[in-house]
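Dear colleague,

Please find the structure below. A summary of the findings follows it.

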Amino acid sequence: MKKLGILLSGRGSNFESIARAVQEGTIAAEISLVLSNRCEARGIVRAKEMGFKALCIPSQGRQREEYDREVVKVLKDHKVDLVCMAGFLRILSPYFIQAFPNRILNIHPSLLPAFPGLDVQRQALEWGVKFSGCTVHIADETLDGGPILRQAVVPVLDDDTEGTLSLRILREEHRIYPEAIRLMVEDRIRTEGRRVIEVKKEGEGPKKV
Ligand code: GRF
């Protein structure tokens, strides 16, 4: 069974949605490790409560690559196949990316390539877009720039605040991130340049007539 390593820095609601999908058997994988760079993160507390192996390796004051080497070692020691960033507020070094080629996913609360980076929902409101959403992508060496696996769209309403928009997007995050992980775990994607194409299972897709 494939092994997942979850990286987080905060609340951990995406981690919880992944954990539920694993526990329900929707994702046929196990979570070998939940790792946070912030020891006070709610997500790491929840991971322990839920009975997962949870570790904190504080990143404050550490050089990026030196820190990443330690995290990669821990992930490899736990035989992690797929790394899932779930609100992990760090940019990964090339060393990290190369240690798990095409095996690191990230979720971002906008329709990339619009609004990469931080304070994304505020950026969307200030820009005045009428739709926003979320994106699951493969992490590469660019900021929020890797190939896209899944996206979901939500409307931006006239009376939205950062809070209401974030919540509407978050509900979709909790739906599409487990779906994307499932595709990876089942080896059901292939790439053509930047395009990630879903390989249908036997019996899926349009019927031949
Ligand atoms: C989510 O909005 C995710 O898209 C972004 O950080 C937030 C993490 O939320 N990368 P949570 O910690 O999973 O609740």
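Which element gives the largest share of the lining of the largest pocket? This is a predicted model, in which local features need pLDDT of at least 70 and side-chain atom pairs count only at pLDDT 80 or more, while totals for chains, interfaces and linings use all residues. Residues are numbered from 1 along each chain as its sequence is written, and side-chain values use heavy atoms, without hydrogens and water.

The answer is α6, with five residues; helices (H or I, at least four residues) and strands (E, at least two) are DSSP runs numbered from the N terminus. At least two lining residues each come from α1 (13-24), β5 (104-108), α5 (120-127) and α6 (162-185).

A pocket is an open set of points on a 1 Å grid over the protein atoms alone, where a 1.4 Å probe fits, with protein on both sides within 12 Å along at least five of seven lines; lining residues have an atom within 4 Å of a point. Of its 36 lining residues, Gly87, Phe88, Leu89, Ile107 and Leu118 are the closest to the centre.

The pocket lies between domain 1 (1-101) and domain 2 (107-209), because both give residues to its lining. These bounds come from an automatic or database domain assignment. The centres of the two domains, taken over C-alpha atoms, are 20 Å apart. In contact (heavy atoms within 4.5 Å) are 21 residues of domain 1 and 16 residues of domain 2.

Yours sincerely
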